[in-house]
Amino acid sequence: MTAGGKAVSPAARWTLFLLFLTNMLSVGDRTLLGVVTEPVRHDLALSDTQMSLANGLLFVLFNLVGGLLIARLVDRGNRMRILALGVAGWSISTAATGLAHGFLGLSLARIGVGIGEATAFPAAMSLIPDLFRPHVRGTAVAVFQSSTFVGIVGGTVLAGVLAAALGWRSMFFICGAAGVVLAAVLLITVREPERDTPSKDELPASWLADLAAGVRRVASAPGFVTLALAFGVAAMMTAVLGAWGPAFLQRLHGVPLDQVGIVIGPAVGIGGMAGTILSGALADRLARRSGTPSAMLRVPLFALPLSTPFVAGFVFAPTLTLTMISAAVMNVLLSCAFVPCVNYAVTRADPGDRGLASTIMLVSSGLIGGALGPFIVGVLSDHLTPDFGAEGLRLAISAMIVTPLVAAAFLLAAIRRERL
């Protein structure tokens, strides 16, 4: 295995391992508040809407705006130092979540987590190409991306167990301390690798103009905007499951706090990992056989509509077993959108805009899926719960059943625009 004409050293493999841990921790910390939504909401006397704002809109907004800005810093600065600073920052903010005594404190802590975690993806996507040549780069990216689902499973299980045993505040303290240790390991053991392509050491005076010009170039590609919209809408139910799934299981199925992570974590994590790996392999095969990159989009075009009955099954299944089976299959199919859509967007972009293209896709996924989806459910739940009790949350989540079909419609429009 080589990279940039040189053998991949143990140091490079160690770097990839630490990137895996970094992303795992990032995703794990992101899931913590969703697992303890119920005790936090009760202790801080917050509404479902306030919880969805703190854990959805505010977090995602600062995470994604920060990601756009940090993506350009990563292109020009010392990536390992930027990443280590980000890990330390979001870990301290994670610990600070345990100090919250109201909506303002909770929101500020989540904003800090969002900004810090904005370093993880662009730094990794910049570092991996400098460590691995193209014929093995996909494997390296797959290893990195698989950490997302390890983080989901680990975060949900650990959060539930620790919160039940020690309280939700102590859970945030412990998880935050783990991140500070990882940041120190990054600084001490990893050196900045040599870049494959030249980069400027300093930001140009027209940095914001450069960012705006790059966004315009990426967005002007045929079908890119509708592709990004499809990607964002496809992520809505996945985000709702992470933000409201634990509360749904506790309110509607009576799952205790110490078991909710164990119940929902494997269904979300293993299902998502399976869909990501399978869709990536199938998308590559379709693109090779057809000779056209857009062929990879057939995978989510088929999988998204097929997920609709399983979304409905998760919401309305009468037993916990059927609910979690539906959740697992739903996650397999919904996760089929990630690799083909992002890979296609990056493939079509100019080499100098690939990091930006992938970040814009994440912005769409975060704003539409991660922020709008949970916020809609939170608002609807607040309006419906006074009349319907616990069933109000079920009815609120049912508004998401149509989203895979809407995403598929946007995806079909993107494919047709690309062919014009």
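The exercises below concern a predicted model.

**Exercise 1.** Determine how helix α11 and helix α14 are oriented towards each other.

*Solution.* Step 1: helix α11 (residues 236-253) packs with helix α14 (residues 320-334) at an angle of about 175°, and their axes are 13 Å apart. Step 2: angles over 145 degrees count as roughly antiparallel. Step 3: α11 and α14 are therefore roughly antiparallel to each other. Step 4: the contact involves residues of both helices, including Met237 and Phe248 of α11 and Leu320 and Met330 of α14.

**Exercise 2.** Trace the network of salt bridges that links Glu38, Arg41, Asp48 and Arg251.

*Solution.* Step 1: Arg251 and Glu38 form a salt bridge at 3.0 Å, N to O. Arg251 belongs to helix α11 and Glu38 to helix α2 (residues 37-44), 213 residues apart. Step 2: Asp48 and Arg251 also meet in a salt bridge, at 3.0 Å, N to O. Asp48 lies in helix α3 and Arg251 in helix α11, so this pair ties together parts that are 203 residues apart in sequence. Step 3: Asp48 forms a salt bridge with Arg41, with the closest N and O atoms 3.5 Å apart.

**Exercise 3.** Is Glu38 buried or partly exposed, and is Arg251 buried or partly exposed?

*Solution.* Step 1: buried means under 20% relative accessible area. Step 2: Glu38 has 9% and is therefore buried. Step 3: Arg251 has 21%, so Arg251 is partly exposed.

Notes: Residues numbered from 1 in each chain as written. Predicted model: local features only at pLDDT ≥ 70, side-chain atom pairs only at ≥ 80, totals over all residues. Heavy atoms only, no water. Axes fitted to C-alpha atoms, helices over the stretch in contact; angles between N-to-C directions. Helix = DSSP H or I, 4+ residues; strand = E, 2+ residues; numbered from the N terminus. Parallel < 35°, antiparallel > 145°, perpendicular 65-115°, else oblique. Contact = heavy atoms within 4.5 Å. Salt bridge = Lys/Arg side-chain N within 4 Å of Asp/Glu carboxyl O. Buried < 20%, exposed > 50% of the residue type's maximum accessible area, 1.4 Å probe, protein only.
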